[in-house]
Amino acid sequence: MAHETEAPGLSSRLHVEYMQQALNLARKSPPKPTNYRVGALLVDAKTNTVLTTGYTLECEGNTHAEQSCFIKLAKVHNVSEKQLVDLLPEETVLYTTVEPCFKRLSGNLPCVQRILELRKAIKTVYVGVKEPEKFVGSNTGRKELEDAGIKVVLVEGMEKEILEVATAGHVPER
Ligand code: HJL
Ligand code: ZN
């Protein structure tokens with residue numbers, strides 16, 4: 001995984017600011033013992049504008065933060081999630097507090113697959129922490145994204161806070 005100082009485009013201060021926004025979104029997510037509370041946003045890196053935001057369980061059903069970003073933006077434009085590829089700016093980047101899931105205990109479509117569908121537009125994914133191994137083991141989604149030409153960049157420095165928020169609804173291990 002690349003580190004944020006190596007990423008072109010937006011300056012690293014901006015990356016931290018966007019990750020802070022994502023963390024504030026994560027705080028809105030209702031605690032649940034079987035998932036992580038995550039926040040995410042899609043940004044047009046060219047114009048430095050936020051396109052949509054999302055957090056875990058924001059949208060109806062068992063929805064993830066990244067998924068909520070896509071659902072909300074698709075709704076605004078009255079298209080399907082997959083059709084977003086035609087209207088997303090060509091330098092769209094995703095910020096997410098926890099790296100996108102490659103597998104879900106519920107069996108729902110993982111966010112890595114959703115991102116891969118949009119790979120023509122989403123060029124970089126900025127993550128605040130790697131996914132802990134608690135639910136689905138070691139996350140192999142990063143490699144899938146990178147193999148598809150999507151950069152995955154760790155924005156460092158907020159790991160502790162991000163994990164505190166992400167696991168707030170979990171039952172303490174004994
Ligand atoms: C990311 C989220 C979220 C997770 N990860 N990147 N964004 N909740 O919004 C990953 C975790 C899954 C569990 C349970 N969490 O959520 O592995 O019930 O939440 O489909 O595997 O799966 P469900
Ligand atoms: Zn997910």
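Visitor: Is cysteine 101 buried or exposed?

Guide: Cysteine 101 counts as buried, because its relative accessibility is 6%.

Visitor: What should I know about the model and its numbering before going on?

Guide: This is a predicted model, in which local features need pLDDT of at least 70 and side-chain atom pairs count only at pLDDT 80 or more, while totals for chains, interfaces and linings use all residues. Residues are numbered from 1 along each chain as its sequence is written, chains are lettered from A and ligands numbered from 1 in the order in which they are written, and side-chain values use heavy atoms, with hydrogens and water left out.

Visitor: Which protein atoms are the donors of the zinc ion (ligand 2)?

Guide: A donor is an N, O or S atom within 2.8 Å of the metal (3.2 Å for Na, K and Ca); water is not among the atoms, so sites may look incomplete. Here the protein donors are ND1 of His64, SG of Cys101 and SG of Cys111, at 2.0 to 2.3 Å from the zinc ion. Their spacing in sequence reads H-x36-C-x9-C. The two cysteines, 10 residues apart, link distant parts of the chain: cysteine 101 sits in the loop between strand S4 (92-98) and helix H3 (111-117), and cysteine 111 in helix H3.

Visitor: How many helices and strands does the protein chain have?

Guide: Helices (H or I, at least four residues) and strands (E, at least two) are DSSP runs, numbered from the N terminus. The protein chain has 5 helices and 6 strands, and from the N terminus on they run β-α-β-β-α-β-α-β-α-β-α.

Visitor: What does the radius of gyration say about the protein chain?

Guide: The radius is taken over C-alpha atoms, and the globule rule is 2.2 Å times the number of residues to the power 0.38. For 174 residues a compact globule would have a value near 16 Å, and the 15 Å of the protein chain agrees with that. The C-alpha trace spans about 45 × 35 × 30 Å along its principal axes. Of the 174 residues, 49% are buried. Contact means heavy atoms within 4.5 Å; of the contacts with a separation of 6 or more, 72% come from residues 24 or more positions apart.

Visitor: Which residues other than glycine have a positive phi?

Guide: Most residues other than glycine have a negative phi. Among the exceptions here is leucine 57, with a phi of about 70 degrees. Leucine 57 is in the loop between strand S3 (49-55) and helix H2 (65-77). Not counting residues up to four places away in sequence, leucine 57 touches Pro30, Lys32, Asn35, Asn62 and Thr63. Asparagine 78 also has a positive phi, near 60 degrees. Asparagine 78 lies in the loop between H2 and S4 and is exposed, with a relative accessible area of 70%.

Visitor: What is proline 33 in contact with, its neighbours within four places in sequence left aside?

Guide: Proline 33 is in contact with Phe135, Gly169, His170 and Val171. Proline 33 belongs to the loop between helix H1 (12-26) and strand S2 (39-44), and at 43% relative accessibility counts as partly exposed.

Visitor: Where does valine 155 lie?

Guide: Valine 155 is in the loop between strand S6 (151-154) and helix H5 (159-166). Valine 155 is buried, with a relative accessible area of 0%. Its C-alpha atom is separated by 9.2 Å from that of threonine 97, 58 residues apart along the chain.

Methods:
Buried means under 20% relative accessible area, exposed over 50%, partly exposed in between (1.4 Å probe, protein chains only).
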